[in-house]
Amino acid sequence: MCLVDEKMLQFTFLLIFFGDFSLLLVWFWRGLVMGWPMGGSTLMPLFMGPIKAPPPLVRGACGYDNTVHAGFGVNTAAVSGALFRQGEACGACYLVMCNYWLDPKWCLHRATVTITATNFCPPNNNGGWCDPPRQHFDMSMPAFLRMARQGNEGIVPVLYKRISCKRRGGVHFTLKGQSNFNMVMISNVGGSGDVRAAWIRGSRTGTWVAMHRNWGANWQSSVDLRSQNLSFKLTLVDGKTLEFYNVVPSTWSFGQTFASENQFT
């Protein structure tokens with residue numbers, strides 16, 4: 001509490017001293033005290049045009065076949081490299097606020113939206129919004145219009161922070177690959193949402209086999225686990241670990257998705 005009071009005193013002094021820069025100082029102080037880093041947001045071109053029920057985002061750098069089926073809905077975003085972390089951020093949740101104190105014309109006052117990172121916004125190395133080290137969200141139209149006014153489907157300044165993901169049901173495991181090449185897409189992950197490590201175990205193997213990130217939310221192993229019940233173990237970026245026993249029955253086939261009963265909180 002004392003820390004906040006001290007910052008308020010500093011802010012009051014600066015406001016009186018600098019006068020015309022008061023709006024900028026309000027924006028800076030709020031970001032400092034609330035612990036919300038600064039960033040930017042654009043609207044995904046996919047949703048330009050009249051507002052209607054949008055199609056679900058598919059594929060992308062995280063590899064989600066369908067963001068609705070994956071448990072993320074339509075409030076999603078492609079994030080810049082500073083946030084994407086070479087795919088580790090896939091499934092992470094952010095609370096994003098349009099920075100009204102910088103752009104009162106287009107930002108909705110105190111409006112926030114919770115989004116899930118489901119894609120990568122690539123740099124163009126020519127001063128683009130997703131060029132490093134910028135922290136940027138290229139958002140779906142439903143998410144964008146939760147915090148900004150329609151009519152400026154372009155660039156707005158934002159404040160954001162990481163939050164825990166709230167998911168319905170358990171973690172989903174989609175089986176891909178062939179023969180002894182197993183690739184598993186992991187989705188609908190609660191908690192921090194971003195998976196740091198994954199293991200798989202067959203009912204006849206008896207030991208956990210470490211998987212490696214192939215790309216995005218897709219993890220691979222090179223063990224033939226056909227005709228076996230499959231279990232998984234996941235560790236998230238925040239260090240929490242859960243084991244998911246016998247999620248997949250021995251009659252499984254590639255292309256199927258199985259939902260566990262367990263979930264991160």
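**View 1. The largest nonpolar core of the predicted model.** This core (buried Ala, Val, Leu, Ile, Met, Phe, Trp, Tyr and Cys residues joined through side-chain atoms within 4.5 Å; buried means under 20% relative accessible area with a 1.4 Å probe, protein chains only) has 32 residues, and Tyr64, Tyr94, Val96, Ile115, Phe137, Met139 and Met147 have the most contacts inside it. At least two residues of the core come from each of several elements, including strand S3 (93-98), strand S4 (112-120) and helix H4 (141-144); helices (H or I, at least four residues) and strands (E, at least two) are DSSP runs, numbered from the N terminus. Another core, of 22 residues, lies apart from it, with Val189, Leu230, Trp252 and Phe258 among its members.

The model is predicted: local features need pLDDT of at least 70 and side-chain atom pairs count only at pLDDT 80 or more, whereas totals for chains, interfaces and linings use all residues. Residues are numbered from 1 along each chain as its sequence is written, and side-chain values use heavy atoms, with hydrogens and water left out.

**View 2. The open sheet S10-S9-S13-S14.** Its four strands pair in the antiparallel sense; pairing requires at least two DSSP bridges between two strands. Strand S10 (209-210) and strand S14 (241-248) are the edge strands, each pairing on one side only. Seven bridges join S9 to strand S13 (residues 230-236), and tryptophan 199 has lysine 233 in S13 as its bridge partner.

View 3. Glycine 202 belongs to strand S9 (residues 195-202) and counts as buried because its relative accessibility is 5%. Beyond its neighbours within four places in sequence, glycine 202 contacts (heavy atoms within 4.5 Å) Leu225, Gln228, Asn229 and Leu230. Its C-alpha atom is 9.0 Å from that of aspartate 224, 22 residues apart along the chain.

Technical notes: Buried means under 20% relative accessible area, exposed over 50%, partly exposed in between (1.4 Å probe, protein chains only).
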